[in-house]
Amino acid sequence: MTEPSTPPPEGSAKVAARGTASPGLTETGQLRILTAREIEAARSETARTQEALKESEARFRTLFESSPDGIFITDPETLEILDCNTQACEMNGYSREELVGRSINVLHPEEVRAQTKGGPEGRARFVEQLRQRGVITIESVHVRKDGTAFPMETSMCLLELGGRDVVMGIDRDISERRRAEEELARHREHLEELVASRTAELAVERDRAEAADRLKSAFLATMSHELRTPLNSIIGFTGVLLKGLGGPLTEEQSRQLGMVKSSAQHLLALINDVLDLSKIEAGQLRVSSAPFALTEAVEGCLRALAPAAERKGLSLVAEVDPAIGTVRSDRRRVEQVLLNLVSNAVKFTETGSVTVSAVREGPWVVTRVRDTGIGISAEDLPNLFRPFQQLESGLTRRFEGTGLGLSICRRLAEMLQGEITVESAPGAGSTFSFRLPAGEAPADIGTEGR
Amino acid sequence: MSGNVLVVEDNEQNLYLVRFLLEGAGWHVVAAPDGPRALEEARSGRFELVLLDIQLPGMDGHAVARELRRIPALDGVPIVAVTSYAMLGDRERCLEAGCTGYVEKPINPDTFLDEVVSYVRPEVRP
């Protein structure tokens, strides 16, 4: 198939021209007469070369034929199939005779043929690209003799054959790979569908939860109004009667009305606390954030509780570091917490004092309420901030209160991005520490309490 | 000196209580159970004080306050909102709606009159 297969003319210039070391030339390239021995040597050299070429061609043929891939050798200018292996024939359903000598386009569907119609210039450009890049791999489609099509991947490279460039294309049927890819794509799509449907389900659930929240909120607002309205008149009329505005009262009537009044006040406090707690639980309680003087909040709280402390003979002391300045938080809520802590301290202290101190400690402004009261046992401490704890601990009738105060305080402190902790021992008094962030609180603290 | 007070309150018992306390102090009480009737009374009468319950059926107290403030006859007349502790934040909204001040529910008979009257100019108190 190539030049070396034709026997070289004896001592011809052609053979001699192949190299300076060839027998028929001098070192300077001049022709000289060869001896018979030299001619014999040259002949056997040529035979060895031919032998090697044959061997090389056989090796190539073996590889060519045994390849699991289809291999085409084509002429890049005419697209003519110069040769192809058995696998190429089987893949495409043609015999070798049917393929060799025809255009490679016979295997291409219309749309691919249109792409290879670049004309001689386009084909020359392609050869140039192959030369530069070595190997070019593309995915394409082949049509079998029976008209069925299959996806294939072909890797092309340039070979020099008989002194001209030919293209060797190694074709691989990628139907399986495509199927796997499609399968994968289907799975991915399915997954996306799953995610979408789950997202939709979650949105429905969220809407339902939000509707429930709104309902809860409306319920709370209604309840608070409905429960308070009758209480307003109970407390109001009791007050009116106790003042003697409805006419003179006997001592016994006054005492009994006094009991009605204090029970009604207790009921009101319970309603307020339960509603507060429900609002916190439902995420309905809002806290605002504005700068205010903590000193004023502490003083206001002590003023409000001074009469109660005085009745028990307790001294009420404020030790506020003037350097604290302003705090940025929800003043009303801070006051609610302070009032609760200080009134608890007064309630549970029989003799001695209640001291409220406030200092800056690192990132916190810490307000401490220290009393010399009965203290809290180690086993009661962990439950202290749970709702209705006082009711469970057997103190119920000795100390009035709703039993919700501390749990509300702790939740409020958390909503204000602070915390409440306690140190206590029976008989040694208690110290409640209420920490608030000292720095600028985040601006969005004022929205929903979540 | 006249001492006419318009009390807007939908609850009978609470109205009785407020009326009892105010009349005891010499005020003449005109009652309205809801917003529209309060506006009607306000347009046809002369008042030195308005007490306005915020949780009213139908038209709520804030809307009533805004409408009352449009009535020329009520120019300079204090409108005192009666709000309960539950409606935190409502106090600010009361003031924004045109109320002069507010008293908290439940009414404390010991302090109620003093609180309410403090909003009224001394020369028009009964």
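How many salt bridges does the structure hold over all chains? The count is 33, where a salt bridge means a side-chain nitrogen of Lys or Arg within 4 Å of a carboxyl oxygen of Asp or Glu.

Some ground rules first. This is a predicted model, in which local features need pLDDT of at least 70 and side-chain atom pairs count only at pLDDT 80 or more, while totals for chains, interfaces and linings use all residues. Residues are numbered from 1 along each chain as its sequence is written, chains are lettered from A and ligands numbered from 1 in the order in which they are written, and side-chain values use heavy atoms, with hydrogens and water left out.

**Where the chains meet**

Let's look at chain B against chain A. Here 19 residues of chain B are in contact with 21 residues of chain A (contact means heavy atoms within 4.5 Å). The size of an interface is often given as the accessible area lost when the parts come together. For this pair, the buried area (summed over both parts, 1.4 Å probe) is about 1800 Å², and carbon and sulfur atoms give 62% of that. As for salt bridges across this interface, the rule finds zero. On chain B's side, helix α1 (residues 12–24) gives the most, with six residues; helices are DSSP runs of H or I, at least four residues, and strands are runs of E, at least two, numbered from the N terminus. Here's how the residues on that side divide up:

| Kind of residue, chain B side | Number of residues |
|---|---|
| Nonpolar (Ala, Val, Leu, Ile, Met, Phe, Trp, Tyr, Cys, Pro) | eleven residues |

**Helix α7 of chain A**

Arg186(A) forms a salt bridge with Glu183(A), their closest N and O atoms being 2.4 Å apart. Both sit in helix α7, three residues apart, about one turn of the helix.

**Two backbone details**

The peptide bond from Lys105(B) to Pro106(B) is cis, with omega near -5 degrees. Pro106(B) lies in the loop between β5 (101–105) and α5 (112–117) of chain B. Over in chain A, Leu79(A) has phi near 65 degrees, a positive value in a residue other than glycine.

How values were computed:
Buried area is the accessible area (1.4 Å probe) that two parts lose on being put together, summed over both.
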